[in-house]
Structure formats: C-alpha cells, structure tokens
Amino acid sequence: MRRARIGSDDLALVVEADGARIASLTHLPTGRELLASTPWADDPADGFVMADSSAQWHRAYRGGWHLLLPRAGDSPAAVSPPQPFHGEAAWRTWRLASSGDTCRASVALRTLPLAIERRMSVHANTLVIETEVRNHGPVPVEVGWAEHPAFAGDLFREGSIVRSGDRDLGLGAAPAASFCDIAAPAGAVAIAAPHAGIEITVTWDAAMHPRLYVWQEQRGSSGFPWWGAMDAVGLEPASDPYGTPVDALGSLAVGAGESLVSVVSLRVDRRRAVSPEATS
C-alpha cells in the first residue's frame with residue numbers, strides 16, 4: 001500500500017508510505033487543508049540525487065508531517081554509520097495498513113537496531129499519533145526524536161495567535177523566514193486562526209519532547225530550495241535542542257529489548273470566523 005486514507009466527519013487524513021508522511025490533513029467542516037505542501041509536491045519521483053543529504057531533503061521536500069528519528073538535522077561527525085539529514089526514518093518506505101479510522105505504519109531501521117510502529121487514528125475532531133520505538137539489539141541505543149508537522153501558511157494571517165503554554169510565539173509578518181528552538185514545558189502549542197474559524201491544539205509528553213522547533217518559511221527565502229514559493233510554519237516537538245548533542249544522535253535512551261512510546265494529539269475546534277477587516 002502506497003497511500004492510506006482515514007478520517008471522521010471532522011478530519012480526513014492521507015498517509016503515504018514514503019517516510020510515513022502525513023501528506024494531507026483536512027478539516028472537513030471548513031474544507032481547510034491544515035498542512036503545507038510545496039508547489040512541486042505532486043511531481044513524479046526522479047532518479048537525480050544531490051550528493052549532500054540536506055540539499056537532497058530540501059530539493060525533494062513536499063511538506064506535510066514527518067517523523068524525524070533517530071536525529072533531527074545533520075548527523076554528528078562522530079556518529080557511525082552517519083544518518084541522512086533528519087534521520088533514516090523520514091527517508092524510508094514504510095509498510096502501511098489501514099482500517100476505518102486508523103492507519104498503522106511500520107519500518108525497521110538499518111542504521112540502528114530499531115523497529116518503529118506508528119499508529120495514526122482519527123476520533124471526531126482529534127488526530128492521535130502513537131509511536132513505539134523498540135530496540136531489538138543487544139545494547140542500549142541513544143536517539144533524538146522530533147515530530148515535524150508543517151502547517152499551511154494561510155493559517156497564520158494577521159490576527160492569528162500562536163502560543164505554547166503562557167508564551168506568545170510572536171511569528172513575524174509574512175513574507176518571513178526564521179528558525180528558533182525554545183523550551184516547551186507545557187507540552188502544547190495552539191494556533192488560533194480567527195479568520196479561518198478554527199483553533200488547532202497540539203499536545204505531547206513534555207518529558208520526552210521538552211523542546212519546540214519553530215520554523216517559519218512564508219515566502220521569505222528567494223534562493224534554493226524555496227524560491228519564494230513555500231508558505232509553511234513548522235511547530236515541532238523535539239527531544240533535544242537543535243544540533244545537540246554534538247557527539248551522539250540524541251538523549252533518549254532505549255534499552256536492549258525495550259521500547260519508547262510517544263503519544264501526540266492534534267485537536268481542531270470551531271471558533272466564530274472573524275473577517276479580515278475585523279482583525280486589522
């Protein structure tokens with residue numbers, strides 16, 4: 001199975017085998033696509049591969065929601081075998097199985113003795129993602145882990161508010177391009193989009209993912225790879241500050257024969273739509 005579709009009366013989800021990527025998440029009552037996609041997202045795959053995995057990731061990036069494991073960003077020079085940019089899991093073709101409101105994705109990594117099971121289920125207005133990472137090797141393994149949802153840029157028009165706990169993230173007005181890494185002890189981030197009539201709340205286990213990467217690429221970069229055409233905001237729960245540790249993949253330890261389990265949920269609530277004039 002290359003693609004699975006699941007949903008409820010409120011949310012429709014499309015999962016692709018490539019990276020177990022959530023390619024689409026649609027709020028059906030408003031007809032609004034919640035995840036970003038690149039203008040080339042529907043282009044057919046090609047055989048050309050750039051030598052650097054970071055450049056190749058960005059050249060081929062189609063948007064959506066990825067799992068970054070066992071490392072977000074570049075692989076430390078001391079780690080062998082090296083990881084591709086954003087980790088092997090996001091590059092692999094996963095096995096998919098779906099039934100009703102649930103899609104199960106699975107993959108066994110080759111660079112580490114880790115098997116990953118990812119269960120995505122939709123219940124009314126809520127998406128729940130349960131992920132288990134099991135170490136089937138004889139020694140403990142330390143990994144990094146980040147969830148990488150890229151939200152559609154049109155959710156972040158003037159009047160929208162993004163908060164984590166009691167902190168207003170204060171995104172710049174588009175066009176804008178920025179990245180920051182912040183502490184997120186609340187284990188939650190909310191997007192209030194009054195012009196769209198919705199509020200999106202993402203929650204997770206802050207003990208496992210105490211950081212939040214905030215990536216804003218709203219037509220703010222004129223060069224490769226975006227060419228001023230990408231409109232997305234990534235709000236990404238993460239296990240480690242970006243780029244750390246410098247001598248290992250991450251700080252999450254998975255004992256031999258043991259598992260780590262993470263649960264992330266996304267809820268979409270209706271709010272009274274506000275006209276652009278009212279928010280200006």
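The model is a predicted one, in which local features need pLDDT of at least 70 and side-chain atom pairs count only at pLDDT 80 or more, while totals for chains, interfaces and linings use all residues. Residues are numbered from 1 along each chain as its sequence is written, and side-chain values use heavy atoms, with hydrogens and water left out.

**Stop 1: the open sheet**

Select the strands of the open sheet, which has 9 strands in the order β6-β7-β8-β9-β20-β16-β15-β12-β13 with antiparallel pairing. Strands here are DSSP runs of E with at least two residues, helices are runs of H or I with at least four residues, and both are numbered from the N terminus; two strands pair if DSSP finds at least two bridges between them. At the edges stand β6 (95-99) and β13 (167-168), each of which has a single partner strand, so one side of each is left without a neighbour in the sheet.

Now select residues 126-135 and 259-270, which are strands β9 and β20, paired in the antiparallel sense over 9 bridges. Within this selection, Ile-129 stands opposite Val-264 in β20.

**Stop 2: β17 and its partners**

Next select β17 (211-218), where 8 of 8 residues are buried, buried meaning under 20% relative accessible area, exposed over 50%, and partly exposed in between (1.4 Å probe, protein chains only). Show the side chains: Arg-211, Tyr-213, Trp-215 and Glu-217 point one way, Leu-212, Val-214, Gln-216 and Gln-218 point the other way, and all are buried.

**Stop 3: the nonpolar cores**

In soluble globular proteins, nonpolar side chains tend to be buried together. A nonpolar core is taken here as a set of buried Ala, Val, Leu, Ile, Met, Phe, Trp, Tyr and Cys residues joined through side-chain atoms within 4.5 Å. Select Leu-127, Phe-151, Ile-200 and Leu-235, which touch the most other members among the 60 residues in the largest nonpolar core. A second, separate core has 16 residues, including Trp-57, Ala-146, Trp-226 and Ala-238.

Centre the view on Ile-200 and leave aside its neighbours within four places in sequence: the residues in contact with Ile-200 include Leu-34, Phe-151, Leu-155, Val-189 and Leu-266, contact meaning heavy atoms within 4.5 Å.

**Stop 4: pockets and cavity**

Where is empty space left? Rolling a probe the size of a water molecule over the atoms shows this. On a 1 Å grid over the protein atoms alone, a cavity is a set of points where a 1.4 Å probe fits but cannot get out, and a pocket is an open set with protein on both sides within 12 Å along at least five of seven lines; lining residues have an atom within 4 Å of a point. Grid points are joined across faces, edges and corners, and a volume is the space filled by probe spheres set on the points.

The largest pocket holds about 930 Å³ of space. Select Asp-18, Ala-45, Ala-60, Tyr-61 and Arg-62, the closest to its centre of the 33 residues that line the largest pocket. The largest share of this lining, 4 residues, comes from α1.

The second largest pocket has a volume of about 280 Å³, and of its 18 lining residues Phe-156, Arg-157, Ser-160, Leu-171 and Gly-172 lie nearest its centre.

A search of the whole structure finds 1 cavity of 30 Å³ or more, and the largest cavity has a volume of about 60 Å³. Select Ala-72, Gly-144, Tyr-213, Asp-240 and Thr-244, the closest to its centre of the 14 residues that line the largest cavity.

**Stop 5: two loop residues**

Is His-209 buried or exposed? His-209, in the loop between β16 (198-203) and β17, is buried, with a relative accessible area of 1%. Leaving aside neighbours within four places in sequence, His-209 is in contact with Trp-145, Trp-204, Pro-237, Ala-238, Ser-239 and Ser-262.

Finally, select Trp-227 in the loop between β17 and β18; Trp-227 is exposed, with a relative accessible area of 56%. With neighbours within four places in sequence again left aside, Trp-227 is in contact with Ser-221 and Ser-222.
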